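Biologist: Before we discuss this chain, could you put the sequence and the model on view, so that we can go through them together?

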Amino acid sequence: MVLKQIFNTAGPTPYVPTNIKVLRKATNTIETVPLETYISRVIPGEIGDKMGGKTVEQIKEIYRTQAIAARGYATYSTYFDRKHGSSYDVCDSTCCQVYNPNLTNSYATTATNDTAKKIPALVSGSPYNWNIKYVHAFFFNSCSGNTKSCKDVWGTDVSYLVSVSCPYDPTKYAIPATDGHGVGLCQDGTAGYVTNGYLYTDILPHYYTGASVVTGTYN
């Protein structure tokens with residue numbers, strides 16, 4: 001697939017894949033799944049149990065934030081990070097994103113529809129001269145108060161994957177530990193931010209430093 005970009009006077013409009021090719025590891029088969037269907041079946045398996053004590057609207061916002069991050073990860077994997085070669089875009093395990101075609105819920109469906117085609121991206125420029133950089137939208141469970149930089153974890157310096165504070169991670173006062181690789185969006189921290197009144201438009205640019213949430217078009 002050739003990566004394309006289109007631009008308009010309102011801002012940059014990146015392409016997002018219409019479909020995702022997913023390796024089902026248990027059967028060693030490849031499924032072609034519409035992007036938004038895929039996202040709605042990734043969120044429940046990835047978000048974990050972070051809904052206790054949350055209002056309905058807070059739960060929806062947590063799901064929306066995760067949907068955009070998951071879509072950003074899938075888009076980057078499809079266009080750039082071909083770690084599995086050319087046969088498929090992602091696998092269905094934690095190696096990529098956990099995908100279960102039988103696991104979804106009303107929050108996941110609503111969040112996917114509410115954020116359709118939205119991804120985090122770095123944007124600069126002006127009308128007719130936009131520059132956009134796709135974000136490799138890593139995420140993980142918990143960081144105990146600070147995320148990690150891509151350089152410290154994997155040895156690659158990435159401007160939008162630097163260590164940032166995570167003040168609303170409920171484990172920040174525990175013995176320092178990270179559940180996951182620690183790079184990118186912290187899911188516990190996201191839940192904390194939402195509980196304190198923040199929206200995905202605030203949260204995603206914090207964890208993906210300098211990024212904006214942009215709406216793409218299907219390719």
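Biologist: Is Lys-117 buried, partly exposed or exposed?

Modeller: This is a predicted model, in which local features need pLDDT of at least 70, side-chain atom pairs count only at pLDDT 80 or more, and totals for chains, interfaces and linings use all residues. Residues are numbered from 1 along each chain as its sequence is written, and side-chain values use heavy atoms, with hydrogens and water left out. Buried means under 20% relative accessible area, exposed over 50% and partly exposed in between, with a 1.4 Å probe and protein chains only. Because its relative accessibility is 27%, Lys-117 counts as partly exposed.

Biologist: Where does Lys-117 lie, and what is its phi?

Modeller: Lys-117 sits in the loop between helix H4 (106-114) and strand E6 (118-126), where helices (H or I, at least four residues) and strands (E, at least two) are DSSP runs numbered from the N terminus. Most residues other than glycine have a negative phi. Lys-117, although not a glycine, has a positive phi of about 75°.

Biologist: What is the relative accessible area of Asn-28?

Modeller: Asn-28 is found in the loop between strand E3 (19-24) and strand E4 (29-34), and its phi, near 55°, is positive in a residue other than glycine. Asn-28 is exposed, with a relative accessible area of 61%.

Biologist: How many of the 24 residues of H3 are buried?

Modeller: Helix H3 covers residues 56-79 and reaches 35 Å from its first C-alpha to its last. It is largely enclosed by the rest of the structure, because the buried residues number 21 of the 24.

How values were computed. The expected span of a helix is 1.5 Å times one less than its number of residues.
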